Amino acid sequence: QVQLVESGGGLVQAGGSLRLSCAASGSFFRISVMGWYRQGPGKQRELVATITAGGRTNYADSVKGRFTISRDNAKNTVYLQMNSLKPEDTDVYYCYADVWRVWGQGTQVTVSS
């Protein structure tokens, strides 16, 4: 059974940085579009960033210039580098693998003002 395991969340002050990681256990990682999404209480899950197998990236307007998604196919891992964090970035962040249609369990990011 394919699993995605996120790590790297935590509490940080506004203006700080965090790096999220998502490790996949299944085969075919290298051909999958990978994504990061986030969801807060009472809100719909929203796209943060995606990266294709070829490395093409896409970002939500709210994070452009601050967040960077990347992948290491040798490690079956996708990353989200988050800089210049704002209190409104506080959410649970989820990793998604398109090839398996699988979500990770989520990791909490809290940004204090």
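**Salt bridges, core and disulfide in a predicted model**

E46 forms a salt bridge with R38, and the closest N and O atoms lie 2.8 Å apart. The structure is a predicted model. E46 counts as partly exposed, because its relative accessibility is 34%, which falls between the limits of 20% and 50%. R38 counts as buried, because its relative accessibility is 5%, under the limit of 20%. In general, side chains of opposite charge can pair when their charged atoms come close.

The side chain of D89 meets that of R38 in a salt bridge, at 3.0 Å from N to O. This pair links distant parts of the chain. D89 sits in the loop between β8 (77–82) and β9 (91–97), while R38 belongs to strand β4 (residues 34–39). The two residues are 51 residues apart. D89 is buried, because its relative accessible area is 1%, under the limit of 20%.

The side chains of R38 and D91 also meet in a salt bridge, at 3.8 Å from N to O. Here too, distant parts of the chain are linked: R38 lies in strand β4 and D91 in strand β9, 53 residues apart. Both R38 and D91 are buried. A network of salt bridges links R38, K43, E46, R66, D89 and D91. A search of the whole structure finds 6 salt bridges.

The next feature is a strand. Strand β1 (residues 4–7) has a covered face and an uncovered one. L4 and E6 make up the covered face. V5 and S7 make up the uncovered face. In a regular strand the side chains alternate between the two faces of the sheet. β1 pairs with strand β3 (residues 18–24) in the antiparallel sense, over 4 bridges. In this pairing, E6 stands opposite C22 in β3.

The largest nonpolar core holds 28 residues. Of these, L4, W36, V78, L80, M82 and Y93 touch the most other members. The elements that give two or more residues to this core are β3, β4, β5 (46–51), β7 (67–72), β8, β9 and β11 (107–112). The largest share, 4 residues, comes from β3.

V78 can be followed through its contacts. Residues up to four places away in sequence are not counted here. V78 touches L20, S21 and C22, and also F29, M34 and W36.

A disulfide is a covalent bond between the sulfur atoms of two cysteines. The link of C22 and C95 is left-handed, with -80° about the S-S bond. This pair links distant parts of the chain: C22 lies in strand β3 and C95 in strand β9, 73 residues apart. Both C22 and C95 are buried. The count for the structure comes to 1 disulfide.

D91, in strand β9, pairs with R38 in a salt bridge.

Note on methods. Residues are numbered from 1 along each chain as its sequence is written. This is a predicted model: local features need pLDDT of at least 70, side-chain atom pairs count only at pLDDT 80 or more; totals for chains, interfaces and linings use all residues. Side-chain values use heavy atoms; hydrogens and water are left out. A salt bridge is a side-chain nitrogen of Lys or Arg within 4 Å of a carboxyl oxygen of Asp or Glu. Buried means under 20% relative accessible area, exposed over 50%, partly exposed in between (1.4 Å probe, protein chains only). Two strands pair if DSSP finds at least two bridges between them. A nonpolar core is a set of buried Ala, Val, Leu, Ile, Met, Phe, Trp, Tyr and Cys residues joined through side-chain atoms within 4.5 Å. Contact means heavy atoms within 4.5 Å. A disulfide is a pair of cysteine sulfur atoms within 2.5 Å.
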